[in-house]
Amino acid sequence: MSAPNLPEIDPRRGIPVEGAYNVRDLGGYETADGRHIRWRTLFRAADIHALSPSAQATLTDAGIRTVIDLRGSKELVEAPSVFKDITHVQYHPHNMTGDALINRWGTIPVPADSSIRLSTMYSTVLDERGEMIRTILETVSQPGTLPAVFHCTAGKDRTGVLAALLLSIAGVPRDSIVEDYALSARFLYGSSTVPPDGSGADKFPPFEEYQTMWCPPDAMGLTLDHLESKHGGIEAYVRSIGVDDATLSRIRNALVE
């Protein structure tokens, strides 16, 4: 499949893992005070539950000590993670959305605008799942946890919201947070959605259309607007759900160089 006009990315960002998509390093982003997020410290990914031993080795060779699985109970039953039985990797299943909220999605009217639809989902998770989000942030902050990879299924929704929180806590500005969210289109386009032999690629939408449909930058922008208007911003939000100064300091110290 020809894929012109795909945005250029830092070659250090993508982590090629056989059998997995949207695996990437959160390092390199500049913070508001001119420092940077450490490379090879925090990774985000789409589903990695069934990686082969060689693919698992790709991650552990990158230094991964911890896998944080953000999927729901049904997903974990239908597709249990290979990492839960691996002794040299810490495995934390943290149901970020919660089963009750997942079940409600089918009863909620779906706006035609993808940005509004996605940001509504993300904002609802943030508003209703504060206790679990606090638990996830506390897990990331614990000594010995990093380097870590966190993932859901596509690696763009639950994973995207958590990435936004962590980058903001570390001091990364809004534009870079939105940019990181939108990169999922770049990493998913033509991979998980097109058969390996390329069949059907001619029917695949142009990249810009795919971006608009699945992870438009405005979806994260609207989510950040929601956090600002309802909670006073991300730092005020995480404090309101019980994240303490020590946890925030550990995250910043671990991520920023």
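Student: Is Tyr-181 buried or exposed?

Tutor: Tyr-181 is buried, with a relative accessible area of 1%. Buried means under 20% relative accessible area, exposed means over 50%, and partly exposed is in between (1.4 Å probe, protein chains only). This is a predicted model, where local features need pLDDT of at least 70 and side-chain atom pairs count only at pLDDT 80 or more, while totals for chains, interfaces and linings use all residues. Residues are numbered from 1 along each chain as its sequence is written, and side-chain values use heavy atoms, leaving out hydrogens and water.

Student: How many aromatic pairs does a search of the whole structure find?

Tutor: Three aromatic pairs are found. Rings of Phe, Tyr and Trp (its six-membered ring) pair if their centres lie within 6.5 Å; planes under 30 degrees apart count as stacked, over 60 as edge-to-face and the rest as tilted. The rings of Tyr-122 and Tyr-181 have centres 5.9 Å apart and planes at 75 degrees, so this pair is edge-to-face. Tyr-122 is buried too, with a relative accessible area of 3%.

Student: Which residues do ring pairs link into a cluster?

Tutor: Tyr-189, Phe-207 and Tyr-210. Both Tyr-189 and Phe-207 are buried.

Student: How do I describe two packed helices?

Tutor: Use the angle between their axes and the distance between the axes. Helices here are DSSP runs (H or I, at least four residues), numbered from the N terminus. Axes are lines fitted to C-alpha atoms over the stretch in contact, with angles from 0 to 180 degrees between N-to-C directions. The axes of helix 7 (residues 174-188) and helix 9 (residues 217-231) come within 8 Å and cross at roughly 135 degrees.

Methods:
Helix = DSSP H or I, 4+ residues; strand = E, 2+ residues; numbered from the N terminus.
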